[in-house]
Amino acid sequence: MSETPSLHSSIIALVSLASGIASKHPDMGLCQLDKLRHMGIAESQIDTVIEIARHIRDEAAQKLDAAFDEKSASSDSETATEETDTSGQACCSTTASGQSCC
């Protein structure tokens, strides 16, 4: 069995930062920010990761709110139990600056 190469520590820190922001983790990725800066990762790259993570977090919240609003506004019990059809929607949208999160 071949050994899987490990990820570079900067990639791990970027992923950890993004997931912490997207999940609303109370530590907010501040430890990862320090690590990334000490590694010499460009602020523009860190800013891109932060922007994408915030976009994913905010988009998820909006979709949950919309689904809740749709279900709570429904007076028809049949409509209230239907699955929301998202087959025609893209997996995600782009951030305000045009960064793709997919």
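In which helix is alanine 18 found? In this predicted model, alanine 18 lies in helix α1, and its relative accessible area of 21% makes the residue partly exposed, given that buried residues are those under 20%. The C-alpha atom of alanine 18 is separated by 6.2 Å from that of isoleucine 50, a residue 32 places away along the chain. When neighbours within four places in sequence are left aside, the contacts of alanine 18 are with Val49 and Ala53.

Val49, Ile50 and Ala53 are among the members of the largest nonpolar core, which comprises 10 residues in all and also includes Ala13, Leu17, Ile21, Leu33, Leu36, Ile41 and Ile46. Two or more residues of this core are given by each of the elements α1, α2 and α3, and the most are given by α3, with four residues. For leucine 17, one of the core residues, the contacts found when neighbours within four places in sequence are set aside are Met28, Gly29, Gln32, Leu33, Leu36, Ile46, Val49 and Ile50.

Helix α2, which spans residues 30-39, has Gln32, Leu33 and Leu36 as its buried residues. These residues lie on the same side of α2 because they cover an arc of only 105° around the axis. The elements that cover the buried residues of α2 include α1, residues 9-22, and α3, residues 43-73. After α2 comes glycine 40, which has a positive phi, near 85°.

Note on methods. Residues numbered from 1 in each chain as written. Predicted model: local features only at pLDDT ≥ 70, side-chain atom pairs only at ≥ 80, totals over all residues. Heavy atoms only, no water. Buried < 20%, exposed > 50% of the residue type's maximum accessible area, 1.4 Å probe, protein only. Arc of directions from axis to C-beta. Contact = heavy atoms within 4.5 Å. Core = buried A, V, L, I, M, F, W, Y, C linked by side-chain atoms within 4.5 Å.
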